[in-house]
Amino acid sequence: MDNLDDIRAKQTEWENGAIQEWLKQAPERESEFVTQYLQWPVRRLYTPLDLEEVGFTYSGDLGFPGDPPYARGTEPTMYRSNLWAMVQTTGFGTGEDANRRWRYMLDQGLTGFIIEYDLPTTHGLDSDHPLAAGEVSRTGVAIDTLADMERALDLPFEKIKHMTSVCNAPQPVNMAMIIAALDKKGVVPELVNLLMVNGILIEFICVGRYIFPPGPSLRIATDVFEYSVKHYPNWTPISIISAQLYAARATPVQELAFSFSIAMAYIDSLLNRGLDIDTVAPYFSFVISVDMDFFESIAKIRASRKIWAKLMRDRYGATDPRSLKIRIMGSPGTMSLTLQQPLNNIARLGTMMLACALAGDGQQMNIPLHDEAHALPSDEAVSIGSAIQHIVAYETGAADTVDPLGGSYYLEYLTKKIEDAVFEEIDKVDRIGGALKGIESGYFQKELAESAFRYQKSLELGKRKLVGVNILRRDEKETPIEIFKMDPEVEKRQIAGLQEVKRQRDNDRVREALAGVKEAAQGDANLVPPILDAVKAYATIGEICGVLREVFGEYRPGVITI
Amino acid sequence: MGEKTIRVLIAKLGLDGHTTGATVVARALRDAGMEVIYTGIKQTPEMVVQTAIQEDVDVIGISSLSGAHMKHFPRLLDLLRESGAEDKLVIAGGVIPEEDITELNKRGVAATFTMGTDTSQIIEFINRSVHKD
């Protein structure tokens, strides 16, 4: 074994020795190097002494993959057995357009996809609502009725390993539509690995896709979760999209601390309904991105595994290993992808994808596309994205051993520091009164605004480099990539389709079903069954959410002062 | 005899709720000595014009990321003209394709600041364009 005192003595010698002469001819490029988001100082060299400083031990902090503390991985063999499922986000236009793109992606070798909806849909508004004008099908697919969902999900389900539905506020409606559409198609629900995001709480902090106030919103999310667990136990009825916090410029510490605090708010709500922690916890999953700082990102992922396990065991007394093993969908982040010189983003996605693989960033990984800053994804970008995933998986060796960077002095030091800082921040949120209080008081929002401003400053002062933006700028006339153009007739087609459905359906049946939804909303009954009735009668998302608006009201937050 | 402070309204039109760009710009403008009224998300053009007049702002800064800019900005500009408030400077930020920037320019948007813009550029533009006496 190394003698730390020996190393300490030798390191002191090294720092005072020839290096001093060396620095005269080769001064360091910065007076201080810092990590990307946390902006923590990065030392010249890390040694076993740094591990001693943070109290690192192999058994305590690493152990073996598949066993607590899970730092090295949640599965014993990780990608040696199963590569991560390779996924891409898309969803635009009408149900038919989305369907066509998903079929193309499956042909390109992807095994799953993420369904994003347009803003009217995520706000429980029909495509012909005044507030929907100009917004239909822009950020995702427009789903007004079951008819749209049936068209969208006309797919070869035997090829699909994962399907994610990114819905928050109107999740029960969305869930009901998926159930009904699969049923009509004769697809056995057990064969579909569906993940419903159902993550309304985070929307109050960033992205803002909420309808009703926080309290009723939490009730609705709990209804969906409870119903799903009972009837579709292989579906995942929650996903905490930590990546949304990241996109709002949360530091890795804020991202993990706020995400876990939010997760605990849902857990508390479910435990209040009498569910057991070991029933509930295994369903939780997190979308955690990496960014360009290779080490800060990998440390964040590894720390997340340790922190979740400790929270579930120590706060809730969870004993089932499935409660302790965090489920992550990983992703190269989008925040360092540039509008300028967009082909450079292919290189960025390559390094970030590698970081994901080395960190063990989940059993499923989503890759954003290099022309993301310009418009919705093009066919070419889709196949490049898939290629990047396959290159990292098959050509780099990153997937061929578990946690290959484990034991790196720098990485283990950073992982431990992040872990400690996250627990401190979680305690702080606790003292405020938990995640709901954090939302209502504006604490989270203010912290994020602060981080965002700090990061912007670091870019503008040139401390944080971004090629094409603050270094190696080029005068750009032509965009060297193809941009996908949205068909302006899409909104008209969608509205026409909606009106046709309303003409053809049994409107008495719809009225009855909506009354059933209202009754359930006014009481305690689970909202999913009456919503399922309404959906099958081809009630629209606007009509169903309209009823819920009548009962719960529409949320108008106070102005947050900056 | 002092210079009157430039007053800026920052808002988001439509259903998009990504606030990071808007809050960063609001904060930067405040740091540069301007008075900033940040009205948050899900504003309609009608709400923005009303607040702009009420608060007697010099500049209206709109963040648009959902792609609905060609519906929102023309409506906003029309309402400002109808209310006799067309002297207010309208600037845009967010995800807006090049050809739409040109079109919006023609319609009366003074400048569009897309991703990767330095906040100092926005501050400089406002200082240059707003005349206070």
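In chain A, the mean positions of the 59 positive and 78 negative charges are 2 Å apart. Lys and Arg count as positive and Asp and Glu as negative, while His and the chain ends are not counted; each charge is placed at NZ of Lys, CZ of Arg, CG of Asp or CD of Glu. The structure is a predicted model, in which local features need pLDDT of at least 70 and side-chain atom pairs count only at pLDDT 80 or more, whereas totals for chains, interfaces and linings use all residues. Residues are numbered from 1 along each chain as its sequence is written, chains are lettered from A in the order in which they are written, and side-chain values use heavy atoms, without hydrogens and water.

**Chain A as a whole**

- Chain A contains 24 helices and seven strands; helices (H or I, at least four residues) and strands (E, at least two) are DSSP runs, numbered from the N terminus.
- A compact globule of 562 residues would have a radius of gyration near 24 Å, and the 25 Å of chain A agrees with this. The radius is taken over C-alpha atoms, and the globule rule is 2.2 Å times the number of residues to the power 0.38.
- Along the principal axes, the C-alpha atoms of chain A fill a box of roughly 90 × 60 × 50 Å.
- Of its 562 residues, 59% count as buried, where buried means under 20% relative accessible area, exposed over 50%, and partly exposed in between (1.4 Å probe, protein chains only).
- Among the contacts in chain A with a separation of 6 or more, 79% join residues 24 or more positions apart; a contact means heavy atoms within 4.5 Å.
- The accessible surface of chain A is about 22,700 Å², and carbon and sulfur atoms account for 52% of it. Such areas come from the Shrake-Rupley method with a 1.4 Å probe, and for residues only the protein chains shown count as cover.

**Selected parts of chain A**

- Helix α10 (residues 214-231) of chain A has 18 residues and reaches 26 Å from its first C-alpha to its last, close to the 26 Å expected at 1.5 Å a residue. The expected span is 1.5 Å times one less than the number of residues.
- Because 13 of the 18 residues of α10(A) are buried, this helix is largely enclosed by the rest of the structure.
- Gln389(A) lies in helix α17 (residues 379-395) and is buried, with a relative accessible area of 0%. Beyond its neighbours within four places in sequence, Gln389(A) has contacts that include Trp84(A), Met353(A) and Asn366(A).
- Arg454(A), in helix α20 (residues 443-460), is partly exposed, with a relative accessible area of 37%.
- Arg454(A) and Gln39(A) are 415 residues apart along the chain, yet their C-alpha atoms are separated by 9.7 Å. Not counting residues up to four places away in sequence, Arg454(A) touches Tyr37(A), Leu38(A), Gln39(A) and Thr251(A).

**Chain B**

- Chain B has five helices and five strands, which run β-α-β-α-β-α-β-α-β-α from the N terminus on.
- Its radius of gyration is 14 Å, close to the 14 Å given by the globule rule for 133 residues, so chain B is as compact as a globular protein of that length.
- The C-alpha trace of chain B spans about 45 × 35 × 25 Å along its principal axes, and 56% of its 133 residues are buried.
- The accessible surface of chain B comes to about 6,000 Å², with 48% belonging to carbon and sulfur atoms.
- In chain B, the mean positions of the 14 positive and 19 negative charges are 4 Å apart.
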